[in-house]
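Work through these exercises with the model open. Each task is followed by a stepwise solution.

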There are 4 protein chains.
Amino acid sequence: MPSPTMRALVKTAPRPGLVLQDRPIPEIGPADVLIRVEKAGVCGTDLHIYEWDKWAQNRIHPPLIVGHEFMGRVEAVGAAVKLVVPDDRVSAEGHIADGTCFLCRTGEAHICERVKIIGVDRDGAFADYIVMPEVNVWKLDPNIPDEFAAIFDPLGNAVHTVMAAGVSTKSVVITGVGSIGLMAIPVARAAGAAAVYAIDVNPAKLELAKRLGADETFDARDPNLEDEILRRTNGDGADVLLEMSGSGQAIDNGLRMVRNGGRAALLGIPSDNININLAERIIFKGLTVLGINGRRMFETWYQTQALVKSGRVDLRPIITHILPFEEFDRAFSLMKSGEAAKIVLDVKGSK
Amino acid sequence: MPSPTMRALVKTAPRPGLVLQDRPIPEIGPADVLIRVEKAGVCGTDLHIYEWDKWAQNRIHPPLIVGHEFMGRVEAVGAAVKLVVPDDRVSAEGHIADGTCFLCRTGEAHICERVKIIGVDRDGAFADYIVMPEVNVWKLDPNIPDEFAAIFDPLGNAVHTVMAAGVSTKSVVITGVGSIGLMAIPVARAAGAAAVYAIDVNPAKLELAKRLGADETFDARDPNLEDEILRRTNGDGADVLLEMSGSGQAIDNGLRMVRNGGRAALLGIPSDNININLAERIIFKGLTVLGINGRRMFETWYQTQALVKSGRVDLRPIITHILPFEEFDRAFSLMKSGEAAKIVLDVKGSK
Amino acid sequence: MPSPTMRALVKTAPRPGLVLQDRPIPEIGPADVLIRVEKAGVCGTDLHIYEWDKWAQNRIHPPLIVGHEFMGRVEAVGAAVKLVVPDDRVSAEGHIADGTCFLCRTGEAHICERVKIIGVDRDGAFADYIVMPEVNVWKLDPNIPDEFAAIFDPLGNAVHTVMAAGVSTKSVVITGVGSIGLMAIPVARAAGAAAVYAIDVNPAKLELAKRLGADETFDARDPNLEDEILRRTNGDGADVLLEMSGSGQAIDNGLRMVRNGGRAALLGIPSDNININLAERIIFKGLTVLGINGRRMFETWYQTQALVKSGRVDLRPIITHILPFEEFDRAFSLMKSGEAAKIVLDVKGSK
Amino acid sequence: MPSPTMRALVKTAPRPGLVLQDRPIPEIGPADVLIRVEKAGVCGTDLHIYEWDKWAQNRIHPPLIVGHEFMGRVEAVGAAVKLVVPDDRVSAEGHIADGTCFLCRTGEAHICERVKIIGVDRDGAFADYIVMPEVNVWKLDPNIPDEFAAIFDPLGNAVHTVMAAGVSTKSVVITGVGSIGLMAIPVARAAGAAAVYAIDVNPAKLELAKRLGADETFDARDPNLEDEILRRTNGDGADVLLEMSGSGQAIDNGLRMVRNGGRAALLGIPSDNININLAERIIFKGLTVLGINGRRMFETWYQTQALVKSGRVDLRPIITHILPFEEFDRAFSLMKSGEAAKIVLDVKGSK
């Protein structure tokens with residue numbers, strides 16, 4: 001039985017910052033799993049909450065333990081749990097679906113309308129322990145290193161986007177190479193893309209994109225960008241767009257670069273309405289546009305596992321920092337400055 | 001050998017109206033088919049050209065014979081033609097693709113970037129004769145009545161949209177019931193839709209929608225419209241949206257009514273940019289949005305034939321008028337007033 | 001709390017026949033639902049068990065309560081159950097999957113390798129009460145009549161087969177019109193088939209097939225059968241084969257009748273190895289052959305519900321008998337003689 | 001204008017062997033292209049014809065110029081040809097479809113029922129010149145080396161099989177590593193397979209399989225083979241089977257190794273009927289089985305080009321011999337002995 005309190009990184013009040021404080025260790029129901037967190041990834045969403053921006057002010061209700069990317073070990077299981085036993089090494093899907101609706105019962109739980117996200121809508125993973133419903137738990141393959149396992153959530157976003165688009169033998173444009181856009185590069189390569197073109201405004205990220213396997217990288221502000229892509233694709237345009245930026249301008253440019261009959265998978269989230277020429281960008285082109293959200297439970301997780309376990313995808317260049325849990329302020333500062341691609345907090349090791 | 005001149009309905013100069021005049025009968029190359037036109041459908045596009053609106057002013061270069069929906073009989077064939085022989089009863093795909101590009105060679109000729117449309121980019125079908133490349137000709141099944149055959153082009157738009165969306169056992173919302181939206185109703189029913197809800201602002205069209213098999217019809221301005229659709233779909237929203245209006249408001253409303261994970265096929269062409277909340281309407285919902293253009297060559301034509309020939313789709317309620325060729329002015333006036341759903345010109349019979 | 005005993009139809013020993021006897025009402029765990037059975041369908045599998053044929057001798061371990069098609073009302077629920085409350089009207093998926101394997105976690109629980117089937121591998125539904133795991137329970141729409149709800153299991157087989165094959169605008173051959181083959185006729189029609197051809201050796205079943213909407217029916221022994229189908233399909237062959245007989249001869253004939261590039265969905269289970277010319281029947285033709293098992297959880301159930309609730313599928317001609325529970329011997333005798341298409345036992349009403 | 005005669009490798013009479021003799025240079029029609037052959041691949045089919053086995057005796061009608069894998073340069077074009085001009089470097093699809101049937105007009109020309117294959121049903125490519133219909137000609141990318149271009153036909157078989165199966169992130173078993181099976185290895189890797197397991201009885205071919213990128217290779221006679229595959233796939237079985245052997249035993253074994261819900265693409269052609277337990281191998285497993293024939297025109301060709309041009313697929317280890325045209329006897333002898341994987345004849349260079 002775990003000790004009654006634990007460390008947790010908490011948004012204690014509606015203002016910037018997070019507080020590392022002691023909290024009671026949560027209790028489990030019959031269908032729950034108590035997990036001792038070992039490593040946890042820091043996401044852009046966590047930074048929004050840390051900084052208490054407009055989105056966070058509307059969505060987050062303090063007090064809340066943040067964090068949703070993690071791995072650890074099973075500490076205890078409820079009476080009805082069949083999937084894991086104590087000491088199993090696990091990660092978990094952070095989208096907790098209602099389990100009873102049409103979407104949940106037809107393999108689309110990732111877009112359940114009543115989903116609750118850990119670290120956003122309920123207590124999260126930046127803590128010594130977290131409770132997850134059994135159906136959300138993912139038992140880790142022994143060949144997956146801890147730090148990769150800790151970021152299966154964002155890596156899963158990249159895999160979901162790439163696999164929904166379908167890249168096998170295709171030419172692929174990625175607009176926006178933040179951490180998920182970066183991950184999408186080796187994923188698209190491993191999933192069979194014949195060419196991967198990465199576009200961003202940040203030269204350091206583009207440099208990293210190249211190291212991760214992009215065939216070529218481009219500055220999003222290059223006025224000849226569309227021509228450059230056309231020239232590399234026999235004048236047809238790219239087969240596939242993976243939109244990872246959420247920028248209206250990037251979406252418009254990206255859609256221009258896709259060939260007629262191509263596919264565009266949209267993961268980046270615009271903060272506002274966008275203005276779009278639907279006729280020219282989508283209808284006349286006969287495009288297929290896919291909204292991407294979360295990760296398929298658990299098809300995406302199996303795909304992610306296959307890519308990482310086989311060594312087809314190597315995440316080492318993306319994980320730029322592994323920091324002790326208590327250095328969370330530094331983690332957010334590194335993220336904000338753009339110095340870090342992906343930061344993993346070592347929760348257990350630092351105890 | 002045909003006589004050297006023929007009647008043709010011609011946009012003679014950059015101004016409103018069309019002129020019925022004598023024109024030389026066109027000559028055929030080795031891969032062409034000369035067709036004697038018997039019946040021809042009048043399309044909204046023809047009305048744009050007749051009225052010489054902004055779109056027409058930008059796109060049309062007089063002199064031009066208009067019209068693109070038709071059926072007739074083969075009068076003569078080029079030396080290399082294998083598909084048909086003189087006197088065969090035929091219709092034809094009006095999108096003339098280049099035949100050599102990536103899209104043409106991979107079954108996507110309907111979105112060929114160098115497509116030329118008859119009656120728009122080159123001489124069309126409102127004439128006694130028209131020349132078509134063999135690859136565009138469609139030999140008619142003897143069980144398809146002439147007047148249905150004459151409108152396989154717009155019916156094909158409806159079939160292409162319905163089949164791309166996939167409606168089998170699904171609930172379907174159709175926004176906009178102009179003539180193609182109306183056709184989409186019996187097509188969706190015959191293709192297996194479990195429920196078809198038609199939305200428009202025109203009560204007469206909604207009345208016709210009901211006669212054509214819509215399970216229910218709604219006024220697009222009804223403030224409770226989204227709730228009404230939700231109520232009929234277990235609170236989930238419709239499985240499929242067929243967007244036939246081109247209205248930005250209808251697109252936004254339509255996307256709201258589709259369930260998470262649903263599919264939206266967009267055929268209606270907005271005349272301007274639209275403003276859209278991509279995050280809420282498409283991305284978070286995990287929607288699949290399909291731009292639809294033309295008809296698949298010739299998968300759509302076979303599907304259309306199957307639906308009409310089997311009697312699963314009955315177009316009689318849609319063809320409100322069959323007029324003699326020389327009453328073309330009346331045809332456009334009936335279309336403009338909204339009195340007509342679909343008008344067919346009897347080109348041959350009136351000679 | 002239910003009374004401690006209930007009536008149950010039990011295979012008490014390894015020999016022909018079934019015994020209606022008193023059995024303890026089963027207890028539920030925290031994730032289970034206790035259902036009071038109201039109506040139950042009799043399946044060919046039940047007849048195999050009743051007659052104690054070779055298959056039954058190998059598979060069934062008495063004592064066992066048989067029956068797997070049913071509907072009823074929730075009597076009690078375990079502590080963790082969220083989906084239903086007492087008195088809800090329900091049916092249930094009879095394939096109880098392990099819930100933790102790759103297939104179960106990727107939406108393919110219907111082909112879980114460790115599946116247990118009620119009435120075959122564990123106690124079934126021919127009883128006053130049955131316990132089902134919550135994840136198997138299906139809450140019934142109030143517009144679905146009891147007797148239809150009682151046979152959602154076999155109807156779901158038909159729906160699964162039809163939807164996997166994809167019949168929208170297609171020509172469809174059904175080989176074998178036992179009860180599931182018969183159900184497949186209105187299902188294929190409602191799902192959009194442009195033509196449905198039913199083939200069997202039993203004239204009464206073919207007569208029923210016609211009443212259920214088959215466009216034409218054929219005697220499987222007709223030596224010109226293949227030609228007849230070719231003649232109705234422009235010489236190409238049918239787009240789709242739904243194989244419902246399990247006969248090696250029918251499979252071979254059926255595959256001959258499918259066009260190149262067509263699809264064949266196999267539901268009928270051959271009792272022995274079959275001898276097949278793979279090169280001619282499948283490879284050169286570029287066929288897609290689908291093995292079909294059970295029902296997709298719960299995509300098939302939603303589709304089935306949509307078809308029945310909308311009235312697109314009417315099962316009344318198939319349900320030839322509704323008999324009191326205690327007349328089970330007569331039910332099996334009617335099935336064996338071929339007089340009955342589908343028999344429903346009124347379990348509750350007869351108490 | 002070419003000289004009036006040319007060298008050609010001809011099956012002159014119904015007996016073993018081929019004769020290099022002078023033949024008239026063929027004439028072209030308005031839609032044809034005359035190609036000067038430069039390099040040509042030798043296929044197992046050519047060996048069957050050379051040896052005059054049972055299949056050849058039934059199918060081949062001497063006199064016939066054999067050979068169907070080749071590349072060269074356009075010598076002359078018919079009046080209606082738009083795709084190429086003289087001196088263009090080209091290969092061509094050897095399946096000459098009728099162009100007018102349902103299959104041809106819906107993107108399935110590769111399975112046209114009236115297809116004629118060059119070098120089998122009409123004169124082929126082991127000659128200085130060959131005439132091809134324009135629609136069969138494939139213009140080569142300048143970055144594709146001649147010897148790779150010469151074998152786009154069998155490479156296309158491998159690509160077609162791999163892409164039809166869908167291997168992205170999947171585990172793949174290949175049964176039979178003759179030259180097409182060998183090609184399927186780098187193709188499957190490049191197309192995104194997470195693991196490729198090659199199975200054959202020939203140790204030299206298995207050695208080559210490893211060099212081409214197979215993750216592991218197995219002797220088909222290994223009694224523990226199924227267990228070995230299960231062990232590497234978490235006990236589930238492989239996601240995908242690519243059957244390249246045509247052996248009934250290999251097909252049965254291969255289907256055993258595929259997981260429930262998996263996909264099997266069959267390219268290898270059994271010379272006889274096979275005996276199969278459809279229930280256990282396909283139906284209960286919910287398998288999808290795909291018959292594969294030829295190459296999709298021209299989707300497969302574009303995919304093949306993308307894989308070779310990008311360098312993702314390197315064919316050098318497979319092309320074990322490039323021989324002068326006149327050494328054709330040696331080529332067949334090397335093929336028969338199993339010393340060669342793929343032999344290319346240098347037709348032009350040796351003149």
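A residue counts as exposed when its relative accessible area is over 50%, as buried when it is under 20%, and as partly exposed in between. Keep in mind that this is a predicted model.

**Exercise 1. Classify both partners of the salt bridge between A:Arg316 and A:Asp314.**

Step 1. Check the pair. The closest N and O atoms of A:Arg316 and A:Asp314 are 2.7 Å apart. The cut-off for a salt bridge is 4 Å.

Step 2. Take A:Arg316. Its relative accessible area is 58%, so A:Arg316 is exposed.

Step 3. Take A:Asp314. Its relative accessibility is 27%, so A:Asp314 is partly exposed.

Step 4. Salt bridges with shared partners join A:Glu216, A:Glu228, A:Arg231 and A:Arg232.

**Exercise 2. Work out which parts of chain A the salt bridge between A:Arg114 and A:Asp98 ties together.**

Step 1. Find the bridge. The side chains of A:Arg114 and A:Asp98 meet at 2.9 Å, N to O.

Step 2. Place the residues. Both A:Arg114 and A:Asp98 lie in the loop between β7 (95-96) and β8 (116-117) of chain A, so the bridge ties together parts that are 16 residues apart in sequence.

Step 3. A:Asp98 has a relative accessible area of 14% and is buried.

**Exercise 3. Are A:Glu299 and A:Arg296 buried or exposed, or in between?**

Step 1. Find the pair. A:Glu299 and A:Arg296 form a salt bridge through their side chains, at 3.2 Å from N to O.

Step 2. Read the accessibility. A:Glu299 is partly exposed at 36%. A:Arg296 is partly exposed at 24%.

Step 3. Widen the view. Over all chains, the whole structure has 104 salt bridges.

**Exercise 4. Describe how chain A and chain B are related and how they meet.**

Step 1. Superpose. A rotation of 180° with 0.0 Å of shift along its axis brings chain A onto chain B, with an RMSD of 0.0 Å. The two copies are therefore related as by a two-fold rotation axis.

Step 2. Compare surfaces. 100% of the interface residues of chain A are also interface residues in chain B, so the copies meet through the same surface.

Step 3. Size the interface. 35 residues of chain A contact 35 residues of chain B. The buried area is about 3,000 Å², with 59% from carbon and sulfur atoms.

Step 4. Count polar links. Between chain A and chain B there are zero salt bridges, but eleven residue pairs are in polar contact.

Step 5. Sort the residues. The side of chain A that touches chain B has 20 nonpolar, ten polar and five charged residues.

Note on methods. Residues are numbered from 1 along each chain as its sequence is written. Chains are lettered from A and ligands numbered from 1 in the order in which they are written. This is a predicted model: local features need pLDDT of at least 70, side-chain atom pairs count only at pLDDT 80 or more; totals for chains, interfaces and linings use all residues. Side-chain values use heavy atoms; hydrogens and water are left out. Helices (H or I, at least four residues) and strands (E, at least two) are DSSP runs, numbered from the N terminus. Buried means under 20% relative accessible area, exposed over 50%, partly exposed in between (1.4 Å probe, protein chains only). Copies are superposed by least squares on the C-alpha atoms of residues with pLDDT of at least 70 in both. Contact means heavy atoms within 4.5 Å. Buried area is the accessible area (1.4 Å probe) that two parts lose on being put together, summed over both. A polar contact is a pair of N or O atoms within 3.5 Å; within protein, one must be able to donate a hydrogen and the other to accept it, and residues adjacent in sequence count only if both atoms are side-chain atoms. Ala, Val, Leu, Ile, Met, Phe, Trp, Tyr, Cys and Pro count as nonpolar, Asp, Glu, Lys and Arg as charged, and the others, Gly among them, as polar.
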